[in-house]
Amino acid sequence: MIDLKNKWILITGASSGIGMACAECFAAAGMNLVITARREERLTALAETLKTQYNIQVETFCFDIRNAAEVETFSMALKEKNIIPFILINNAGLAAGRSKIQEGRIADWEQMIDTNIKGLLYITRHILPSMISVNQGQVINIGSTAGHIVYPQGNVYNATKFAVKALNEAINLDLVDTNIKVCSIDPGACDTEFSLVRFKGDKEIASKVYEGYEPLHAQDIAEAALFVSTRPAHVNIQNIVIYPTSQRSVYVHRKLGS
Ligand code: NDP
Ligand code: 8X3
């Protein structure tokens, strides 16, 4: 099993949900953290808590992953600090809206494509060379079950996660002559701020997504990421699909009104 203690992990989108749970889980495993997102206060608060609790180093970087220049500046800052991540978790992402294509908001499509696909690409392009220079490490792409099967009015979000699936396979091929492992972890419904963001802050609609069954919790995904990252050097888990027990496909079995 790979010992993660004192190695660095870079987690994008750590101000909430799955990214924040990964930060907590890998901090508990003794790793030093680089955490990124746009909401600075959240990152700072998380960093303070985890530094105190686990006696680790935590670096925070606030930027918009859609901005190629900001991502480049971030990667240069990491280089200046001599930080080479042992693990990169490409997690930052979102769904914006849910509607038929013919009624979709183009601004929503652009936000999803720019964040979920281009943001992941910018980070990967800037961080992978340093990981390759030491020929070790693990990339984890947070995909989705939405990248395996489309659902009504999921269209563009589905397409971005199908793209993550394709990129996960492609990056695996590109790194076949290295020791760097690449995995996509693809969750079904997981109770984070995801639906609140998707429905633009409408708490009532967002909470209905998780009504009548127990969804996944962010911790479930973080634990899978920890499992993947601690396999022996010769074991490359390329994909994990995780559904809540009450969701076996796009279909969710809800017990309502009981
Ligand atoms: P949250 O909304 O709780 O977290 C999303 C994170 O992404 C936040 O930290 C947010 O930070 C960050 N983020 C979003 N846009 C940007 C941006 N432009 N620049 C930098 N950071 C950004 O949702 P989840 O934790 O659920 O989502 C994490 C990943 O998991 C996403 O890729 C999502 O698609 C995927 N996923 C989620 C599922 C679910 O049901 N929840 C299921 C399957 C996959 P900030 O706003 O501070 O910038
Ligand atoms: C998030 C899961 O089913 O809401 O990727 O699209 S779903």
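A salt bridge is a side-chain nitrogen of Lys or Arg within 4 Å of a carboxyl oxygen of Asp or Glu. Keep that in mind as we walk through this predicted model, which holds 9 salt bridges.

Let's start in helix α2, residues 40-54. Here the side chains of K51 and E48 form a salt bridge, with N and O 3.5 Å apart. The two residues sit 3 positions apart in the helix, so about one helical turn separates them. K51 is partly exposed at 31% relative accessible area, and E48 is partly exposed too, at 42%.

Another pair reaches between separate parts of the chain. K81 and E59 make a salt bridge whose closest N and O atoms are 3.4 Å apart. Because K81 lies in the loop between α3 and β4 while E59 belongs to strand β3, the pair ties together parts that are 22 residues apart in sequence.

Next comes D64, which forms a salt bridge with R66 at 2.7 Å between the closest N and O atoms. D64 is buried, with a relative accessible area of 18%, whereas R66 is partly exposed at 30%.

R66 also leads us to ligand 1: an N or O atom of its side chain is 3.5 Å from a nitrogen atom of the ligand. The backbone takes part as well, with a polar atom of C190 2.9 Å from a ligand oxygen and a backbone N or O atom of E193 3.2 Å from an oxygen of ligand 1. The protein buries 96% of the 870 Å² that ligand 1 exposes when taken alone.

In total, 30 residues surround the ligand: 13 nonpolar, 11 polar and 6 charged. Finally, E193 joins R39 and R42 in a network of salt bridges.

Conventions. Residues are numbered from 1 along each chain as its sequence is written. Chains are lettered from A and ligands numbered from 1 in the order in which they are written. This is a predicted model: local features need pLDDT of at least 70, side-chain atom pairs count only at pLDDT 80 or more; totals for chains, interfaces and linings use all residues. Side-chain values use heavy atoms; hydrogens and water are left out. A residue is near a molecule or strand if one of its heavy atoms lies within 4 Å of it. A polar contact is a pair of N or O atoms within 3.5 Å; within protein, one must be able to donate a hydrogen and the other to accept it, and residues adjacent in sequence count only if both atoms are side-chain atoms. Accessible areas come from the Shrake-Rupley method with a 1.4 Å probe; for residues, only the protein chains shown count as cover. Ala, Val, Leu, Ile, Met, Phe, Trp, Tyr, Cys and Pro count as nonpolar, Asp, Glu, Lys and Arg as charged, and the others, Gly among them, as polar. Helices (H or I, at least four residues) and strands (E, at least two) are DSSP runs, numbered from the N terminus. Buried means under 20% relative accessible area, exposed over 50%, partly exposed in between (1.4 Å probe, protein chains only).
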